[in-house]
Protein chains: 2
Amino acid sequence: MSRSLPVIQAGDHLAPPVFEKVAVIGLGLIGGSIALAAREVWPRALVIAVDTRDVLEQAMVRHAIDVAADDPIVAAEADLVVLAAPVRENISILASLADCITGTAVVTDVGSTKRDIVEAAGDLPARLTFVGGHPLAGAARGGLAHARPDLFRDRPWIFTPRGEAPGAAVERLYAFARGLGARPCTLEPVAHDRLLAYLSHLPQLTASALMAIVGNEAGVSGLGLAGRGLVDTTRLASSPPDVWRDITATNGDEIGRALDELIERLRALRADLPRGDSLTDTFGEAAHWRDVLTRDRS
Amino acid sequence: MSRSLPVIQAGDHLAPPVFEKVAVIGLGLIGGSIALAAREVWPRALVIAVDTRDVLEQAMVRHAIDVAADDPIVAAEADLVVLAAPVRENISILASLADCITGTAVVTDVGSTKRDIVEAAGDLPARLTFVGGHPLAGAARGGLAHARPDLFRDRPWIFTPRGEAPGAAVERLYAFARGLGARPCTLEPVAHDRLLAYLSHLPQLTASALMAIVGNEAGVSGLGLAGRGLVDTTRLASSPPDVWRDITATNGDEIGRALDELIERLRALRADLPRGDSLTDTFGEAAHWRDVLTRDRS
């Protein structure tokens, strides 16, 4: 693993941290990477972690955190709380935060759907300012073992503030995200959930469905003949189902709409197989958007 | 581009070539790579190319070929003919080969479907021995510009000999494929077309359909927020439609069956979105087969 600092100029570590006490609840790929990056970027900030004892031990070994416990009460004095468990767990932790956090704090999350948690945050007391967040960073495999401090470098980090969210909290979160190397931006929760249904949730379900079907048909010997095309197309197929059950449960309407569109497109291709006119149209659109997608990417 | 020899031990270039005069008809990614590799591995072999004048000029600049013309008649004295145009074009060239090739020769192809061309080859005179072939090598983009001599290294190369094909021709093709760095193997044409419908044709159609739908919804600004998951899942979406119209036209029944299965699986996921039981099953199968697929790959 690289130990290089994600963004820093010489002397930056002397700058005061954006938040003094950062509590990360859930040390998976994203939460673990936030902890690792925050400790590197702001050595003077305290990184508090909440997860199971097993995970916390791994995190201690990796020097990812300063303070650890399996109870959110350890985050009592945090000025930033980052909810980094699966979406529905974040929502249920949110409900108990008012009892754990004693002072004022900014609360954000890193979940892949935003409408439900933003709505649930409406019940928080005024001293806890919630701004939904979603860093668009990932890896082939989840879990703390794959966390790394440069995970967010040059990646978008979407925030979904409610209308009444104080601008100061959003600005501090932008600074926090930038400190971790990300490019922060803002979307409405509804727009976020619709866009991510297409950018992320549909590709995930498609990759998993494809891998299941191809594997069942080809078997071990057949897969031995597979080329890089199948390997790339199914890279997401190792994703953990628990995270994705929460995502589909909280974005079912938008994911359903996206799935309907894909099914309709595949049916059109299927109906037109011998002639291939539909194929020519779809390949033309696909090549155009693929160019757009890969343009300017390293 | 690497100029290193794909497989050679020192002194191997003194070994007699498996074929003395290799005619490659169609200098795209695969045909161009065969020409480049054959010239490197067997400097004493003559590599004859047939394509349009534009393509042949590029090939000359790259020193990929010895003799070039836009008419197959230039291949008259070849002892190996490799058909490397799109599938239906290969079938139509096959019909004219008896008039072009004056002596005995082994004829193979590199197309992604095998049943139609193997059947069409039944009309060849006895002096032309046809053995269908399919090197499972590819790249994100087609065309001679992306051809490279090491394209086949460690890749499977499937041959689909008819029952009456002389073993000697198959053995020479195995030696030819091995010389280019590939791992030759044999399948029945029917088994090949079914397997490839799943390993290659279904992922291609899925990647293109997915990219078209996601691009149409997300647009330029939305795609700017996409992560590596979408980028990998849609890597195949730049593939050229002309090649794929020929593939779907000659393997429509098997591709249709594979598409039906995928559509059915996506519908099951869609119907079960709020609960996610189907998702758990599909993700479990997918993760298992993904492990099998990536095991032992570099």
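These legends cover close-up views of a predicted model with chains A and B.

**View 1. Confidence of the model.** The model is predicted: local features need pLDDT of at least 70, side-chain atom pairs count only at pLDDT 80 or more, and totals for chains, interfaces and linings use all residues. Residues are numbered from 1 along each chain as its sequence is written, while chains are lettered from A and ligands numbered from 1 in the order in which they are written. The scores are ipTM 0.89 and pTM 0.89. Chain A averages a pLDDT (the predictor's confidence in each residue, from 0 to 100) of 92. In chain A, 94% of the residues score at least 70. Over residues 1-5 of chain A, pLDDT stays under 50. For this stretch the model has five contacts beyond four places in sequence; a contact means C-beta atoms, placed from the backbone, within 7 Å.

**View 2. The axis relating chains A and B.** The superposition is by least squares on the C-alpha atoms of residues with pLDDT of at least 70 in both copies. B:Thr233 comes closest to the rotation axis of the residues of chain B, at 2.0 Å (C-alpha).

**View 3. The interface, seen on chain B.** Here 78 residues of chain B contact 79 residues of chain A. Helices α6 (189-223), α7 (228-233), α8 (241-250), α9 (252-271) and α10 (277-294) of chain B each supply at least two residues to this side. Helices (H or I, at least four residues) and strands (E, at least two) are DSSP runs, numbered from the N terminus. α6(B) gives the most, with 24 residues. The side of chain B that touches chain A divides into 43 nonpolar, 23 polar and twelve charged residues. Ala, Val, Leu, Ile, Met, Phe, Trp, Tyr, Cys and Pro count as nonpolar, Asp, Glu, Lys and Arg as charged, and the others, Gly among them, as polar. The copies meet through the same surface, because 100% of the interface residues of chain B are also interface residues in chain A.

**View 4. Helices α9 and α10 of chain A.** The axes of α9(A) (residues 252-271) and α10(A) (residues 277-294) come within 7 Å and cross at roughly 140°. Axes are lines fitted to C-alpha atoms, for helices over the stretch in contact, with angles from 0 to 180 degrees between N-to-C directions. α9(A) is therefore oblique to α10(A); angles under 35 degrees count as roughly parallel, over 145 as roughly antiparallel, 65 to 115 as roughly perpendicular and the rest as oblique. A:Arg265, A:Ala268 and A:Leu269 of α9(A) meet A:Ser278, A:Leu279 and A:Thr282 of α10(A).

Technical notes: Two residues are in contact if their C-beta atoms, placed from the backbone, lie within 7 Å.
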